[in-house]
Amino acid sequence: MTAETLPRKNAPSTTPAALGLGDRPAKAGPGDPAATHVRVKLDVEIRALLAHEPGTKSGADPEDLHQMRVALRRMRSVLKLSGRLVGPDAEAVRAELGWLGQSLGEVRDYDVLIGHLREVVAEFEVRDQPAARRLVSKFVTERGVAKRRLTRALASPRYASLLQDLGRLARQPATEEADERPQTSADLVTGLAKPHRKLAKAVKTLPADPPDDDLHALRIYGKKLRYAAEMAKPAAKKKQAERIQRLIKATKNFQTVLGDHQDACVAADRMRGVVASVDSGVAFIAGRIAEKELLRRAEVRAAWRDVWAEVDEAAQAVSPRI
């Protein structure tokens, strides 16, 4: 093998062309059918997933894994909301994305936890640093096991088959099948009402002091609304697109706030879980971290409803019917 034929370092193992996609991402505008917008969104996210796959495999930068997971979750959300527009296989493909998402999510959760723990313990006294390093090292080891599982998944025929199925859904057909009333680009905008209603209903049913799991569920509802808005924005006219951008910004902030809550809950639970299996020095550090995380949790709980109000107002501005 000559130098010219050697594979480029960090090149994706699969290219968009190998999936039947064009040299550049497809585009869609307000005049295109809703199905075209769905396919274009899948096309964009497939390319993002492939672009971050090499970095995810190498593990050089955790951000690659994060962005690969984001692309996957956006595709799952698109297929959940509008998959019927691109064919009967959409739900099966969405289920397979869920399989891959479990492996990506496991490693990502460790990356978030480890990065946060390193920031927290960096402020501790010098005498506590050895125990703090032992605590972090425990999670680094566990992350390594999860990363090996992910590497096997990305090298599997199942993953290769999933990419091909995604490519088929994203390809623009020569002709669209006739429908009684094909969905238009405007339907994508009015379709934002459904994920907003679900989020609003979930908020309304919460007690004054909601369980942690219920707040985590709200974050997921908010994420679905944001991804739906991202797909609807190119289908909207200028003024409507500006309102949708405001909704995207509000839902992103909502995700961030409730994400901080979830991260604090997870970190505190992890600290509780390690106490019985570590030495007294590490247990002391775990206790200090747990106390900090519970304070962070309380701060978010005092603020999240104000952030939700911004989401609700932005959604109402997109359309009074939402």
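Is Arg 47 buried or exposed, and with what relative accessible area? Arg 47 is buried, with a relative accessible area of 13%; buried means under 20% relative accessible area, exposed over 50% and partly exposed in between, with a 1.4 Å probe and protein chains only.

The model is predicted: local features need pLDDT of at least 70, side-chain atom pairs count only at pLDDT 80 or more, and totals for chains, interfaces and linings use all residues. Residues are numbered from 1 along each chain as its sequence is written, and side-chain values use heavy atoms, with hydrogens and water left out.

**Figure 1. The whole protein.** The protein has 11 helices and 0 strands. Helices (H or I, at least four residues) and strands (E, at least two) are DSSP runs, numbered from the N terminus. The radius of gyration is 22 Å, close to the 20 Å that the globule rule gives for 322 residues, so the protein is as compact as a globular protein of that length. That radius is taken over C-alpha atoms, and the globule rule is 2.2 Å times the number of residues to the power 0.38. The C-alpha trace spans about 70 × 65 × 30 Å along its principal axes. Of the 322 residues, 46% are buried.

Figure 2. Arg 47 and Asp 43 meet through their side chains in a salt bridge (2.4 Å, N to O). A salt bridge is a side-chain nitrogen of Lys or Arg within 4 Å of a carboxyl oxygen of Asp or Glu. Because they are 4 residues apart in helix H1, Arg 47 and Asp 43 are separated by about one helical turn. Asp 43 is buried, with a relative accessible area of 4%. In a second pair, Lys 41 forms a salt bridge with Glu 45, and their closest N and O atoms are 3.0 Å apart. Lys 41 and Glu 45 also lie in helix H1, 4 residues apart, and both are buried.

Figure 3. Arg 143 forms a salt bridge with Asp 111, with the closest N and O atoms 2.6 Å apart. Arg 143 lies in helix H4 (residues 129-154) and Asp 111 in helix H3 (residues 90-121), so the pair ties together parts that are 32 residues apart in sequence. Arg 143 is buried at a relative accessible area of 17%, and Asp 111 counts as buried at 13%.

Figure 4. Glu 230 is in helix H8 (residues 212-232) and counts as buried at 15% relative accessibility. Neighbours within four places in sequence aside, Glu 230 is in contact with Lys 41, Arg 74 and Ile 248; contact means heavy atoms within 4.5 Å. Lys 223 is also found in helix H8. Lys 223 is buried yet has no salt bridge, and the nearest side chain of opposite charge, Asp 109, is 9.0 Å away. Lys and Arg count as positive and Asp and Glu as negative, while His and the chain ends are not counted.

Figure 5. Ala 34 is found in helix H1 (residues 34-58) and is buried, with a relative accessible area of 0%. Ala 34 and Ser 82 are 48 residues apart in sequence and 8.7 Å apart in space, C-alpha to C-alpha. Gly 31 lies in the segment before H1 and is exposed, with a relative accessible area of 78%.
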